[in-house]
Amino acid sequence: MTRVYYDSDADLGVLQNKTLAVIGYGNQGRAQALNMRDSGLNVVVGNRRDDYWNLATRDGFKVLSIAEAAEIADVICMLIPDDVQPPVYDQFIKTYLGRGKTLDFASGYNLYFSHILPPEEADVVMVAPKMIGQSVRDLYVKGSGGPALVGVQRNASGWAHQTALAIAKAIGATRVGAIESSVEEETITDLFAEQTLDGPFLLSMQTAFDVLVDAGYNPEVVLLELYSSGEVIEVLKDIVTAGLYRQLDNHSTTSQYGQLTRAPMIVSQNTKTIYQQILDDIKNGKFSEEWELEREAGYSKLTQLKKAALAHRINAAEDRIKRKMRLSWLSETGEGGSSSE
Ligand code: NDP
């Protein structure tokens with residue numbers, strides 16, 4: 001049975017008179033640090049001395065080196081990217097973990113794949129927001145919150161679960177519901193969704209663009225049809241609110257018939273076999289090993305793949321449509337591909 005925790009299930013008192021060190025001040029780091037401070041907790045930030053350090057200082061935090069923050073903290077929140085956590089943990093944090101300390105992760109990745117092995121005496125918890133950092137902050141400020149998964153990897157003190165719930169409350173998650181989960185469940189489902197849905201979504205847009213443009217249709221009209229009009233945002237919102245198939249009634253019957261008859265030609269039994277292979281590669285550690293080798297190689301493959309993606313003609317079409325159309329959401333993004341026309 002799914003166990004969901006709300007504010008009344010969590011006690012911030014567990015974290016009163018304690019120091020929480022937020023390691024990293026990026027997407028999750030800034031959002032969680034601000035929310036926890038606004039929830040009345042004593043928060044310091046641990047970061048390298050650079051722009052993020054300056055931002056945390058401007059936001060009024062006491063900012064320390066990662067090692068100094070880890071040393072003085074009762075709860076250490078690992079909010080730097082997953083791929084850099086193991087060396088940072090080994091170099092600056094491991095020494096300061098011991099009895100009475102809690103190590104908190106926003107993702108189960110490094111625990112599940114045993115890239116980080118905290119000492120037996122420390123509590124190890126996971127509070128994983130299912131929301132980007134900016135939304136974790138924006139929703140909190142509005143009096144709401146982003147949902148999260150909570151889990152306990154090691155309960156050395158006997159208080160680890162209460163600590164995890166208190167962190168979830170402090171960042172606003174228990175206002176809307178924090179689900180009891182585990183490091184394994186969070187890691188597998190998170191990676192699987194990225195690899196089977198997010199990536200293929202981008203590539204299917206590009207493939208549809210290529211087919212229509214090669215057939216002689218105006219790239220800007222094609223882009224408007226595919227995603228630039230913003231209709232896709234509304235459809236995704238309807239999926240979230242009404243439901244995956246219940247939102248179909250918002251489309252014409254012609255559209256409904258086309259969608260339901262053609263989709264199985266693309267997403268077939270073979271797709272399920274591929275999904276299964278992707279799931280196996282995540283679970284048996286093959287993907288994680290590949291990503292570790294990529295990190296060691298200086299991210300050369302990732303750099304090359306992103307370079308190729310940003311050189312695709314769809315980027316130039318995006319630039320043109322952004323210039324020509326007065327659609328507010330087209331000017332909301334700052335970054336993106338820039339290719340010559
Ligand atoms: P970010 O990429 O936003 O982290 C940036 C921060 O990490 C900066 O403070 C940066 O400081 C620091 N950092 C980066 N590289 C290093 C390094 N080599 N050594 C020391 N500090 C470094 O991370 P996210 O917020 O995206 O992710 C943090 C955690 O939250 C991850 O576990 C992630 O899986 C999880 N998560 C993230 C979500 C999101 O919204 N992005 C959603 C849910 C969970 P510097 O200036 O020194 O580089």
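**Aromatic pairs.** I began with the aromatic rings of this predicted model, and I found that the structure holds five aromatic pairs. The angle decides the label here, because planes over 60 degrees apart count as edge-to-face.

F192 sits in helix α9 (residues 183-214) and Y275 in helix α13 (residues 269-283), so the pair ties together parts that are 83 residues apart in sequence. For cover, I noted F192 as partly exposed at 22% relative accessibility, and Y275 as partly exposed with a relative accessible area of 28%. I also noted that Y109, Y112 and F113 form one aromatic cluster.

Having Y109 on my list from the cluster, I followed its contact with W291, a residue that touches D83, Y109, Y299 and L302 when residues up to four places away in sequence are not counted. W291 lies in helix α14, which covers residues 286-296, and with 22% relative accessibility W291 counts as partly exposed. I checked L302 separately: its C-alpha atom is 9.7 Å from that of W291, and the two residues are 11 apart along the chain.

**Ligand.** Which residues come nearest to the ligand? I listed Y25, N47, D50, Y52 and D82, out of the 23 residues around the ligand. Sorting that shell by class, I have 12 nonpolar, eight polar and three charged residues. Two helices, α1 (27-38) and α4 (85-93), each supply at least two residues of the shell.

For Y25, a backbone N or O atom lies 2.6 Å from a ligand oxygen; for Q28, a polar backbone atom is 2.8 Å from a ligand oxygen; and for G133, a backbone N or O atom lies 3.1 Å from a ligand oxygen. As for the cover of the ligand, I wrote down that taken alone it exposes 890 Å², and that the protein buries 79% of that.

**Two loop residues.** Is S39 buried or exposed? I found S39 in the loop between α1 and β3 (42-46), and S39 is buried, with a relative accessible area of 17%. Its side chain reaches the backbone oxygen of A170 at 2.8 Å. Leaving aside neighbours within four places in sequence, S39 is in contact with L12, Y140, K169 and A170.

My last entry is Q247, which lies in the loop between α11 (231-241) and α12 (253-266). Q247 is buried, with a relative accessible area of 4%, and, again leaving aside its neighbours within four places in sequence, I found Q247 in contact with V235, D238, I239 and A242.

Methods: Residues numbered from 1 in each chain as written. Predicted model: local features only at pLDDT ≥ 70, side-chain atom pairs only at ≥ 80, totals over all residues. Heavy atoms only, no water. Helix = DSSP H or I, 4+ residues; strand = E, 2+ residues; numbered from the N terminus. Buried < 20%, exposed > 50% of the residue type's maximum accessible area, 1.4 Å probe, protein only. Contact = heavy atoms within 4.5 Å. Near = heavy atom within 4 Å. Polar contact = N/O pair within 3.5 Å; in protein donor to acceptor, adjacent residues only side chain to side chain. Areas by Shrake-Rupley, 256 points an atom, 1.4 Å probe, with all protein chains shown as cover. Nonpolar A, V, L, I, M, F, W, Y, C, P; charged D, E, K, R; others polar. Phe/Tyr/Trp six-rings, centres within 6.5 Å; stacked < 30°, edge-to-face > 60°.
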